[in-house]
Amino acid sequence: MNVPVNEVFATVGESGIREVVAAFYRQVPDDSILGPMYPRDDMEGAEQRLRSFLVYRFGGPDTYLSERGHPRLRMRHAPFAVNQAARDRWVDLMTTAIDGSSLADEVKSAMKVFLADVATFLLNR
Ligand code: HEM
């Protein structure tokens with residue numbers, strides 16, 4: 001059984017989300033498509049923003065909302081060329097991060113389905 005998206009936090013805690021997001025961002029700087037898109041001088045901040053958003057979206061504390069306001073993900077991604085190649089690469093790196101993590105299989109698949117769907121929703125070019 002897949003874990004519902006809003007129960008992922010209760011299942012893996014902040015440390016599980018931290019593990020996945022850190023593994024994702026370790027791959028970003030050297031990536032040919034995503035590397036140039038992210039702020040090289042603020043990779044820690046970028047990592048923190050995605051982690052905080054996912055903690056909130058996966059049913060944990062909503063600190064993201066007080067720090068960043070409503071997510072408005074499509075608007076926030078408008079400055080970046082999220083074409084099919086960028087979307088697919090983002091999903092590839094995230095899949096590698098999730099598969100390499102210590103999380104249980106049913107949480108891994110719940111996260112992968114959710115993140116791939118949002119990535120498709122963010123296509124803007
Ligand atoms: C589809 C491919 C994607 C690309 C190319 C992409 C790219 C980016 C870039 C370049 C940033 C700016 C980094 C920063 O300084 O914060 C960013 C921010 C962010 N992205 Fe993505 N992203 C993608 C998919 C996603 C997905 C699937 C999610 C959520 C499930 C997501 C959530 C976020 C969040 C929460 C932020 C920070 C927003 C803020 O508070 O300012 N992104 N993304």
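The report below takes the helix pairs, then some single residues, then the iron site.

This is a predicted model, in which local features need pLDDT of at least 70 and side-chain atom pairs count only at pLDDT 80 or more, while totals for chains, interfaces and linings use all residues. Residues are numbered from 1 along each chain as its sequence is written, and side-chain values use heavy atoms, with hydrogens and water left out.

**Helix 1 and helix 2**

Helices here are DSSP runs of H or I with at least four residues, numbered from the N terminus. Helix 1 covers residues 8–27 and helix 2 covers residues 43–57. Their axes come within 10 Å and cross at roughly 150°; axes are lines fitted to C-alpha atoms over the stretch in contact, with angles from 0 to 180 degrees between N-to-C directions. That makes helix 1 roughly antiparallel to helix 2, a label for angles over 145 degrees. The crossing of helix 1 and helix 2 is right-handed, meaning that the near helix is turned clockwise from the far one by less than a right angle.

On the helix 1 side, the contact (heavy atoms within 4.5 Å) includes Phe9, Glu14, Ile17 and Arg18. Among the helix 2 partners are Met43, Ala46, Glu47 and Arg51. The residues of this contact divide into 11 nonpolar, no polar and 4 charged. In that count Ala, Val, Leu, Ile, Met, Phe, Trp, Tyr, Cys and Pro are nonpolar, Asp, Glu, Lys and Arg are charged, and the others, Gly among them, are polar.

**Helix 5 and helix 6**

Helix 5 (residues 84–99) and helix 6 (residues 105–121) have axes that come within 10 Å and cross at roughly 165°, and they are therefore roughly antiparallel to each other. This crossing, too, is right-handed. Helix 5 contributes residues including Arg87, Trp90, Val91 and Met94, which meet a set in helix 6 that includes Lys108, Met111, Lys112 and Leu115. The contact of helix 5 with helix 6 divides into 8 nonpolar, 2 polar and 4 charged residues.

Accessibility is given as relative accessible area, where buried means under 20%, exposed over 50% and partly exposed in between (1.4 Å probe, protein chains only).

| Residue | Relative accessible area | Class |
|---|---|---|
| Glu47 | 19% | buried |
| Arg51 | 12% | buried |
| Gln27 | 22% | partly exposed |
| Arg72 | 48% | partly exposed |

Leaving aside neighbours within four places in sequence, Glu47 is in contact with Val21, Ala22 and Tyr25. With residues up to four places away again not counted, Arg51 in helix 2 touches Glu14, Ile17, Arg18 and Val21.

Gln27 lies in helix 1, and by the rule that skips residues up to four places away in sequence, Gln27 touches Leu93, Thr96 and Ala97. From Gln27 to Pro79 there are 52 residues in sequence and 21 Å in space, C-alpha to C-alpha.

Arg72 sits in the loop between helix 3 (63–68) and helix 4. Its phi is near 40°, a positive value in a residue other than glycine.

**The iron site**

Which protein residue is the donor to the iron atom of the ligand? The single donor from the protein is His77, through NE2, 2.0 Å away. Donors are N, O and S atoms within 2.8 Å of the metal (3.2 Å for Na, K and Ca), and water is not among the atoms, so sites may look incomplete. His77 belongs to helix 4 (residues 73–77).

Key. Helix = DSSP H or I, 4+ residues; strand = E, 2+ residues; numbered from the N terminus. Parallel < 35°, antiparallel > 145°, perpendicular 65-115°, else oblique.
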